[in-house]
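Please go through the following briefing with the sequence and the coordinates open beside it.

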Amino acid sequence: MSGRGGRDRGDRERDRDRDRGRDRDRGRDRDRDRDRDRGRDRDHRRRGDRDEPRRDDNRREQRGDKRSTYERENNVDREKPKRVRHDDSQEEQEPRKATREEWGLGEKGEEKKEEKDMDKPDYNKSGKLEKAAQQKKNGIPLKHAEPPNAAMPDRRWRVYVFKGDDVLNTLHIHRQSCFIIGRESRVADIRTDHISCSKQHAVIQFKLKTKMDGAGNNVQKICPYIMDLESSNGTFLNKKKIESKRYYELLEKDMLNFGSSSRDYVLLAPEDDA
């Protein structure tokens, strides 16, 4: 029993010493914090005593100086607004009235004509209607559009193709009213393979023609015509070059040539169809 009591007493003394050491450390920490706070307060007071005269001087300067902080720091003088004297004897000026020229009016109230007539209608051809009405064949626009008096031939016209004295081909041109001549196989009704010929070189068009006979009566007749479609090397009627975009009436035994081709195209019709 005595041994256990001695141990317990020793443990209590150790715990007591440990608690005293902790209290001692806490007291030191409090003293250290107190000294640090006192040093800070001392520094603040010193700094405040040093800046106080400057603040007072600034307050005194600002009372008499109404400039902004930027103007004071950069030493900018603010100009006093100039007072404007109003002479009561002067009459108030009336607003200026706009002149007739400024309103675009003439001497008697007529409107001033503009140099450029912007609103005038333009009746010149734009070409849009022609493009919209342009016919196509196999997706290719045609250079030729049939005239209103186009008609199917009433005679069995034929074209004989000669090279020298040899007949190469016979073309029947009475089955439709229009025959396009050229190198383009998808468009041409009469194919010309010579390199000097254009894709759409010329056209044979049948038209209704009204003429007066010997008795003075008007007689209608369907006649063939040739027209060059602005080809590169031209179309020749009886060895003479014809103008582009102009109809030339064809008669029996007339001969056509296209470009530099040596082939002759001779127009004939059976005698019983006359």
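**Briefing: sheet, salt bridges and cysteines**

Lys239 is exposed, with a relative accessible area of 56%, where exposed means over 50%, buried means under 20% and partly exposed lies in between (1.4 Å probe, protein chains only). This is a predicted model, in which local features need pLDDT of at least 70 and side-chain atom pairs count only at pLDDT 80 or more, while totals for chains, interfaces and linings use all residues. Residues are numbered from 1 along each chain as its sequence is written, and side-chain values use heavy atoms, with hydrogens and water left out.

**The open sheet**

- Five strands, in the order β6-β5-β7-β8-β11, make up an open sheet with mixed pairing; strands are DSSP runs (E, at least two residues) numbered from the N terminus, and two of them pair if DSSP finds at least two bridges between them.
- Because β6 (190–191) and β11 (248–249) each have a single partner strand, they stand at the edges of the sheet, and one side of each is left without a neighbour there.
- Strands of a sheet pair through backbone hydrogen bonds, in either the parallel or the antiparallel sense.
- The parallel sense applies to β5 (residues 178–182) and β6, which pair over two bridges, and Gly182 stands opposite Arg191 of β6.
- Strands β7 (residues 202–212) and β8 (residues 218–228) run antiparallel and are joined by eleven bridges, with Leu208 having Ile222 in β8 as its bridge partner.
- The hairpin of β7 and β8 has five residues between the strands, and Gly216 in this hairpin takes a positive phi near 85°.
- Strand β8 also runs antiparallel to β11, to which two bridges join it, and the bridge partner of Tyr225 in β11 is Glu249.

**Salt bridges**

- The structure holds seven salt bridges, each counted when a side-chain nitrogen of Lys or Arg lies within 4 Å of a carboxyl oxygen of Asp or Glu.
- One of them joins the side chains of Asp189 and Lys137, at 3.0 Å from N to O; this pair links distant parts of the chain, 52 residues apart, with Asp189 in the loop between β5 and β6 and Lys137 in strand β1 (residues 136–137).
- Asp189 is partly exposed, with a relative accessible area of 34%, and Lys137 is likewise partly exposed, at 29%.
- Asp264 forms a salt bridge with Lys239, their closest N and O atoms being 3.8 Å apart; here too the pair links distant parts of the chain, since Asp264 belongs to strand β13 (residues 264–268) and Lys239 to the loop between β9 (235–237) and β10 (240–241), 25 residues apart.
- Which class of accessibility does Asp264 fall into? Asp264 is buried, with a relative accessible area of 15%, whereas Lys239 is exposed.
- Glu243 and Arg246 form a further salt bridge, in which the closest N and O atoms are 3.7 Å apart; Glu243 is partly exposed, with a relative accessible area of 49%, and Arg246 is partly exposed, with 42%.

**Cysteines**

- A disulfide is a covalent bond between the sulfur atoms of two cysteines.
- The structure holds zero disulfides, taking a disulfide as a pair of cysteine sulfur atoms within 2.5 Å.
- Cys178 is buried, with a relative accessible area of 12%, and Cys197 also counts as buried, at 3% relative accessibility.

Terms used:
Helix = DSSP H or I, 4+ residues; strand = E, 2+ residues; numbered from the N terminus.
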